[in-house]
Amino acid sequence: MGGRKPARTSGTPDRPRPAAQRWAARLALLVAAAAIALLLTAAGVRSLTLLVVGLAGLAATAAALWWALSRHGLARALAAALAALLPIVVLLRLAAVGLLWAVLATLALWAVAMLIGRAALRTDSGPAHPRQHATPPPAAPFLIMNPRSGGGKVGRYDLVAKARALGAEVAVLDPAHPQDVADLARQAVARGADLLGVAGGDGTQALVAGVAARHGLPFVVISAGTRNHFAMDLGLDRDDPSTCLDALTDGVELHIDLGLIGERVFVNNASFGVYAAVVQSPAYRDDKVNTILRELPDLLTHQVGPRLTVRAGDVVVDAPQGVLISNNPYRLGDAAGLGRRPRLDSGVLGVLGIKVDNAAQAAGLLRGQQARGLTLLTETEVVVGSDAPEIPVGVDGEALLLRTPVTCRVAPGALRVRVPRERPGVPGARPRMDWRALGRLAFPGALPSAGRTH
């Protein structure tokens with residue numbers, strides 16, 4: 001749909017593959033065929049009816065969820081009840097005709113076929129994470145630690161003492177007296193610090209990472225926040241943040257991208273629209289669920305809140321309810337990888353926009369990446385305009401009000417991140433499931449290669 005998009009891969013069918021990959025591809029196709037055969041054998045001609053009933057049930061459930069989110073009062077209650085009852089009705093109908101077991105078994109076999117197929121398509125070209133650079137350990141590291149972050153992980157894992165034992169200068173934030181963490185980092189650089197780091201949330205990480213990038217210094221992420229999205233995509237141990245301190249003594253550097261919203265750095269994402277507006281509410285912190293339910297209907301139906309316009313390359317999205325601009329694209333089309341970025345050095349922003357104006361469009365989101373209400377693309381610069389002079393924006397979890405238009409851009413390779421040499425969560429390259437590519441892999445020469453002219 002326009003814009004710069006990642007290159008589509010098709011399994012590189014012309015490159016010789018190990019025999020194990022070819023046999024895995026054949027096994028995946030065999031299991032998929034078995035899934036279809038099982039449903040046809042158990043249901044016969046009724047299998048088509050089952051498919052129609054299932055898809056209709058999903059679409060009706062999605063529509064009911066839209067009504068539940070976009071209505072108040074009795075209409076919301078009725079829609080919520082309908083959304084809860086529809087899947088149960090479909091399952092009871094399948095059970096009544098004795099086909100529930102066949103449908104569940106078919107779904108299980110199909111899931112196994114998908115897992116085997118992805119394993120077969122996995123390339124042996126190496127992981128997708130950034131190249132590692134060997135550099136000497138820092139001589140004067142400076143770390144900022146938030147003792148309240150992550151429910152008190154700094155104290156629970158004794159991070160201050162462990163960092164000081166490794167020669168780091170540590171500044172412990174005082175929750176009773178808010179401090180400018182970026183200014184603390186700048187002061188440390190002026191005193192001669194040759195590495196900056198943070199044990200805290202992603203918002204604090206981003207502020208100090210910006211200072212490190214401007215001074216060309218390496219940056220250390222210590223996974224002491226609540227969600228630790230940035231640490232997750234770097235492959236760091238989120239269960240034990242003390243292991244991140246290994247970067248000070250046995251570390252390597254990664255050169256990764258940074259997102260910029262105006263002149264402010266973000267390491268994860270900037271969100272616009274409904275979510276960003278809701279979190280601005282004073283009541284959100286104390287009563288998240290009720291605040292969301294109270295404010296969603298008017299925001300979703302554009303009765304309140306700013307009307308957004310998003311420009312990314314030659315693509316214009318008018319009046320989306322939600323926009324997420326991320327520092328490198330998130331993985332989509334793979335439930336196991338949702339919420340993760342397979343790369344942090346692709347040099348582009350990910351753009352995800354959602355525009356749903358009625359129940360039919362809500363049901364259409366079931367088409368996934370082909371849904372009309374979904375915008376997915378990559379660009380180096382994105383401009384978000386509005387009919388309001390200021391709009392709410394969530395930047396790495398921090399609620400802000402920014403003047404419009406808001407410009408987001410990427411700074412390729414701007415940040416030197418020092419990480420432990422051994423990291424437990426480094427994601428491997430997960431291929432997109434492509435049945436045609438799987439067929440070419442299983443039976444070389446039987447199917448034409450994508451992009452080949454005849």
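Analyst: Let's begin with the buried residues of helix H3: they are Arg-76, Ala-79, Ala-83, Leu-86, Val-90 and Leu-94. Here, buried means under 20% relative accessible area. Keep in mind that you are looking at a predicted model.

Helix H3 covers residues 73–96, which makes 24 residues. If you trace the helix, you will find a kink of about 25° at Leu-85, shortly before the proline Pro-87. After H3 comes Gly-98, which has a positive phi near 70°.

Val-52 belongs to a nonpolar patch on the surface, together with Leu-48, Leu-51, Leu-55 and Leu-58. Together these residues have about 500 Å² of accessible area.

Next, let's go past H3. The structure holds one aromatic pair. Its partners are Trp-110 and Trp-435, whose ring centres are 5.1 Å apart with 40° between the planes, a tilted arrangement. Trp-110 sits in helix H4 (residues 100–121) and Trp-435 in helix H13 (residues 435–442), so the pair ties together parts that are 325 residues apart in sequence. Trp-110 is partly exposed at 33% relative accessible area, and Trp-435 is partly exposed too, at 28%.

Charged side chains also make links, and a search of the whole structure finds nine salt bridges. One of them joins Arg-421 to Asp-250, with the closest N and O atoms 2.9 Å apart. Arg-421 is in the loop between strand E17 and H13, while Asp-250 is in the loop between helix H9 and strand E6, 171 residues away.

Strands E6 and E17 are linked as well: Glu-253 and Arg-416 meet in a salt bridge at 2.7 Å, N to O, with Glu-253 in E6 and Arg-416 in E17. Glu-253 is buried, with a relative accessible area of 3%, whereas Arg-416 is partly exposed at 28%.

Arg-409 and Glu-263 form another salt bridge, at 3.4 Å, N to O. Arg-409 is in E17, and Glu-263 is in the loop between E6 and strand E7. Glu-263 is exposed at 64% relative accessible area, while Arg-409 is partly exposed at 29%.

Finally, look for Asp-233, Arg-340 and Arg-341, which are linked in a network of salt bridges.

Methods: Residues numbered from 1 in each chain as written. Predicted model: local features only at pLDDT ≥ 70, side-chain atom pairs only at ≥ 80, totals over all residues. Heavy atoms only, no water. Helix = DSSP H or I, 4+ residues; strand = E, 2+ residues; numbered from the N terminus. Expected span 1.5 Å × (residues − 1). Bend = angle between axes of the 7 residues up to and from the residue. Buried < 20%, exposed > 50% of the residue type's maximum accessible area, 1.4 Å probe, protein only. Patch = residues over 30% accessible without salt bridge, like charges linked within 9 Å, V, L, I, M, F, W, Y side chains within 5 Å. Areas by Shrake-Rupley, 256 points an atom, 1.4 Å probe, with all protein chains shown as cover. Salt bridge = Lys/Arg side-chain N within 4 Å of Asp/Glu carboxyl O. Phe/Tyr/Trp six-rings, centres within 6.5 Å; stacked < 30°, edge-to-face > 60°.
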